[in-house]
Amino acid sequence: MKKELTYMDSVHRDGRIWSLSIMALMLLYPLALCLMFGAAPDGKGLLMGLIATAPMYWAVGVVETFTYIPMLGAGGSYLSFVTGNISNLKLPCALGAMEQMGVKANSEEGEIVSTIAIAVSSIVTTVIIILGVILIVPLTPVLNAPVLAPAFAQILPALFGGLGVVFVSRNYKIAIAPVALMMILFIAVPALNEGTVGIMVPVGVILTLIEARVMYKKGLL
Amino acid sequence: MEFSVNHPLIFLLSGILVAAVLVQSVWFLVKALRRAKAIGMDSTKIKKLIVSAATFTVAPAVAIVISVMTLSKDLGVALPWMRLSVVGSLSYETIAASNAVNAMGGSFGSGVALTASQFITVVLVMTISIMVGIWLVPLVAKKMQKGMISMEKRDKKWSEIFTSAMFIGMISAFVGYVFCNVSTVFKADFSGIIPVLVMAVSAVVMLAAGLLSKKTGWRFINEYALPISLLSGMAAAIPITAWLS
């Protein structure tokens with residue numbers, strides 16, 4: 001008799017099929033361009049471009065994968081690693097949703113809530129980008145208006161102010177040291193900025209896990 | 001066929017990929033909603049969650065549209081549309097495109113039209129360099145989740161602390177980033193504290209929303225507290241920037 005799949009097993013099965021299918025489509029995109037326009041990539045440009053870009057982003061990609069999967073859950077991970085904008089949109093959206101619903105990230109309810117929030121966020125983002133592309137001519141002067149520029153330049157601080165106050169106040173014993181350390185590091189090291197904050201996320205996560213483990217073992221949590 | 005960065009066929013190819021991503025999202029949404037119903041989760045709460053997640057997404061999504069507009073000056077509209085709908089980000093695409101164009105002896109952002117060969121090279125560099133997550137997640141996600149479940153079985157309290165610590169670690173990096181330019185105040189340039197003040201406004205609005213919800217019993221305030229704090233912080237950025245720049 002055929003073994004019935006659990007919900008989680010079916011999420012992994014569907015996630016694998018979707019991820020590999022979209023990866024294939026992404027690779028077919030440049031191939032289709034070659035066939036349509038009868039052109040080939042510039043060999044030297046491709047090699048040098050990849051050498052300059054790929055090693056860093058592959059390393060970051062590997063670290064991000066291991067960092068974000070436990071936070072996003074299975075369904076959320078399969079979706080987020082395809083649609084992108086994880087730390088600045090999908091993960092905060094999932095965190096806010098779990099907070100709103102009062103569910104734990106490592107429960108089945110948490111998995112479902114995270115998946116729903118990330119799926120809705122992905123659909124809304126995709127639809128808004130489609131609308132933006134259709135209306136690009138009339139929208140460009142509006143969205144690029146100098147008066148709105150500061151608002152869009154400060155999305156991350158505006159996002160992590162609200163999110164941070166909830167999680168830091170609820171876990172202040174764990175939060176004080178990593179938050180203080182990261183503030184000092186970002187102030188003292190000029191190389192740390194918007195471009196490198198993604199690299200500091202795994203560093204923050206690992207340091208906080210070590211600190212939490214020590215505190216837990218000493219009975220401080 | 002004569003090449004142009006805005007050729008209709010490039011829009012068609014981009015549209016196919018974007019449609020696939022959209023269908024994937026709908027697929028997982030329906031699957032999760034069915035499971036929520038099956039295990040008896042409150043459908044009214046789920047509906048509110050959907051509205052709240054959608055509201056929260058609008059402002060960051062509009063920022064992504066602005067990124068499409070920025071990249072479209074050199075790459076046309078179709079490619080940035082696809083790239084920013086599938087994995088990409090403005091900073092990554094700009095770096096990848098610059099590295100590829102520079103390697104071919106050009107200069108990205110100079111306004112010189114790309115040839116078909118250069119465009120395809122840029123697409124390949126962007127695609128290959130960002131793919132790690134897409135193939136690695138299917139390889140490791142199941143094993144990692146089994147590890148999390150087994151940790152929870154061994155020690156439930158530590159498992160909860162572990163998850164909270166991960167969230168705090170991620171948030172601490174972004175809070176640190178908000179302070180990255182504050183040292184400019186020592187050079188009489190106060191623009192570095194703009195992000196700090198914006199974050200403070202957002203945090204205060206979040207706290208006020210929580211208090212108001214508790215005092216009045218109006219739960220809808222809590223449901224929209226995160227999008228409200230995000231939009232308040234963004235709105236406050238306009239006068240704060242005008243004041244301190």
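Let's start at one residue. B:Phe167 sits in helix α7 of chain B. By helix I mean a DSSP run of H or I, at least four residues long; a strand is a run of E, at least two; both are numbered from the N terminus. Before going on, the ground rules. This is a predicted model: local features need pLDDT of at least 70, side-chain atom pairs count only at pLDDT 80 or more, and totals for chains, interfaces and linings use all residues. Residues are numbered from 1 along each chain as its sequence is written, and chains are lettered from A and ligands numbered from 1 in the order in which they are written.

Back to B:Phe167. Is B:Phe167 buried or exposed? It counts as buried, because it has 26 C-beta neighbours inside 10 Å. The cut-offs: buried takes 20 or more other C-beta atoms within 10 Å of the residue's own, exposed 12 or fewer, partly exposed lies in between, and C-beta atoms are placed from the backbone. Which residues does B:Phe167 touch, not counting those up to four places away in sequence? A:Met71, A:Leu95 and A:Phe167. A contact here is a pair of C-beta atoms, placed from the backbone, within 7 Å.

B:Ile171 is in contact with A:Phe160, A:Leu163, A:Gly164, A:Phe167 and A:Val168, leaving aside its neighbours within four places in sequence.

Now the core. The largest nonpolar core has 147 residues, and A:Ala117 and B:Ile171 touch the most other members. Such a core is a set of buried Ala, Val, Leu, Ile, Met, Phe, Trp, Tyr and Cys residues joined through C-beta atoms within 7 Å. Helix α7 of chain B, residues 156-178, gives the largest share of this core, 13 residues. Domain 1 (8-130) and domain 2 (139-244) of chain B each supply at least three residues to this core. In general, nonpolar side chains in soluble globular proteins tend to be buried together.

Next, those domains. Their bounds come from an automatic or database domain assignment. In chain B, the C-alpha centres of domain 1 and domain 2 lie 24 Å apart. How many residues are in contact between them? Five of domain 1 of chain B, with seven of domain 2 of chain B.

Chain B as a whole. It has 10 helices and zero strands. The C-alpha atoms of chain B fill a box of roughly 65 × 55 × 35 Å along the principal axes. Of its 245 residues, 51% are buried. Take the contacts in chain B with a separation of 6 or more: 55% join residues 24 or more positions apart.

Chain A next. Nine helices, zero strands. Its C-alpha atoms fill a box of roughly 65 × 65 × 40 Å, taken along the principal axes. Of its 221 residues, 50% count as buried. Of the contacts in chain A between residues at least 6 apart in sequence, 63% join residues at least 24 apart.

Two helices to look at. The expected span of a helix is 1.5 Å times one less than its number of residues. Helix α5 of chain B, residues 116-130, has 15 residues and should span 21 Å; its end C-alpha atoms are 22 Å apart, which agrees. All of α5(B), 15 of 15 residues, is buried, so the helix is largely enclosed by the rest of the structure.

Contrast helix α2 of chain A, residues 43-83. A straight helix of 41 residues would span 60 Å, but α2(A) spans only 29 Å between its end C-alpha atoms. Where is α2(A) kinked? The kink is centred on A:Gly73, at about 120°. The bend at a residue is the angle between axes fitted to the seven residues ending there and the seven starting there.

Just after α2(A), A:Gly84 has a positive phi of about 75°. A:Asn85 is not a glycine, yet has a positive phi of about 50°. A:Asn85 lies in the loop between α2 and α3 (86-101) of chain A. It counts as buried because 24 C-beta neighbours lie inside 10 Å.

B:Ala188 also has a positive phi, near 60°, and is a residue other than glycine. Its place is the loop between α7 and α8 (194-216) of chain B. B:Ala188 counts as exposed, because it has 6 C-beta neighbours inside 10 Å.

Key: Two residues are in contact if their C-beta atoms, placed from the backbone, lie within 7 Å.
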